[in-house]
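Welcome, and thanks for taking a look at this one with me. Here are a few notes to read alongside the structure.

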Amino acid sequence: MPAFTVSDLARRVGADVLGDPDRRLCGVASLGVAGPGDLAFFAREAMREAVHGTRAGAVLAPRSFEPGGVRFTILRVDDPQLSFARIVRLFHPEPVPAPGIHPTAWIDEGARVGEAVSLGPGVVVEGGARIGRGTWVGPGTFIGRGARVGVGCRFGHAVSILHGVELGDRVRVHAGARIGTDGFGYVPGPDGAHKVPQIGGCVIGADVEIGANCTIDRGALDDTRIGDRTKLDNLVHVGHNVRIGSDCLIAAHVGIAGSSEIGAGTRFGGQAGVAGHLRIGAGARIAGQTGVVRDVPPGGQVGGTPARPRRSWLKEAAYLGRLPDLFQRVARLERGSGAGGGAPRVRRDGSGVGEGEPRVRRDGSDAGSA
């Protein structure tokens, strides 16, 4: 593993150094497990106790951080977490496979493969496909006829890039993802559902990352599109004709139904769902497990199912937590006033015994009014 001095790292991230600029660091670690040769980071007030107890040799901290007698060297930066992410790559550079084509890979004679491409075992490249310079393709990956793959892309194992799909430069696709599959399009008829041929394309911009086991459908007529620098977590589904803008962040298990449009810079929490033909404005924030059933304006923040403004959703959640206490208070008030006789009684079988309802003996005879 490479080693760097504090001053080396400070130059790369624009840090101010408090302490020993010549200290050598050989790794990165969290505050709790870092040792004297490690760099850690402190980004939030909740981490303050951990930062004062760390054994790290150096710590990335906000510019506002005051040392207060700490024993480690401090690199003060604008965004410790972002700087840490950049530094991690220095200590853990990505492995670079040797260029070449494995003997078990199959390439149609009508395909075109660029320079310094690495094709792993069992890769299939169909006719008319184009693979850009320096792309790495993992074992068992399929690249369909007429597909276009940009420069410097990275594919994990068992990825499917189906016919006619276009990927920009430096796209990263993790294991098991399926891009360009048929969308879910059917028309009911008297003899059952009739499949609508999915003849559109699927266009992925530059610097997009697609997580493991994602599925991205091709369009029914128009193209499905994902903008530059958008990142999809694992197990995300994008329906046919969906258009996602640039710089979006979409967490795991999100599902976006057909023909919806997602504006640039939108962020989705995990397990959120978007109904079809909706418009999510640029910069919107969709909380985890939200069910979006109507348009969201630019910059809107929504949560809950159905989705509603974030503040309303949080208030409702707080009120729901107080319901048992409120129920008991109302029951006591009713008993005190004689208005309602308290909470309704419940039989052993779970059914209610309301006030004034006749009770019934075990032998089935009427026991009189309650």
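Predicted model: local features only at pLDDT ≥ 70, side-chain atom pairs only at ≥ 80, totals over all residues.

1. Arg322, Arg329, Arg332 and Arg335 together make up a positive surface patch. Arg322 sits in helix H4, which covers residues 310–337. Its relative accessibility is 45%, so Arg322 counts as partly exposed, since that class lies between the 20% and 50% cut-offs.

2. Now step back to the whole protein chain. Its secondary structure comes to 4 helices and 44 strands. The radius of gyration is 29 Å, whereas a compact globule of 370 residues would have one near 21 Å. Along the principal axes, the C-alpha atoms fill a box of roughly 90 × 75 × 40 Å. Of the 370 residues, 40% count as buried.

3. As background, most peptide bonds are trans, and most residues other than glycine have a negative phi. The peptide bond from Thr305 to Pro306 is cis, with omega near -5°. You will find Pro306 in the loop between strand E39 (301–303) and strand E40 (308–309).

4. Ala158 has a positive phi, near 55°. This residue belongs to the loop between strand E17 (154–155) and strand E18 (160–161). Is Ala158 buried or partly exposed? Ala158 counts as partly exposed because its relative accessibility is 28%.

5. Asn241 also has a positive phi, near 70°. Its place is in the loop between strand E29 (237–238) and strand E30 (243–244). With 18% relative accessibility, Asn241 counts as buried, because buried means under 20%.

Definitions and conventions:
Residues numbered from 1 in each chain as written. Heavy atoms only, no water. Patch = residues over 30% accessible without salt bridge, like charges linked within 9 Å, V, L, I, M, F, W, Y side chains within 5 Å. Areas by Shrake-Rupley, 256 points an atom, 1.4 Å probe, with all protein chains shown as cover. Salt bridge = Lys/Arg side-chain N within 4 Å of Asp/Glu carboxyl O. Lys, Arg positive; Asp, Glu negative; His and termini not counted. Charge placed at Lys NZ, Arg CZ, Asp CG, Glu CD. Helix = DSSP H or I, 4+ residues; strand = E, 2+ residues; numbered from the N terminus. Buried < 20%, exposed > 50% of the residue type's maximum accessible area, 1.4 Å probe, protein only. Rg over C-alpha atoms; globule rule 2.2 N^0.38 Å.
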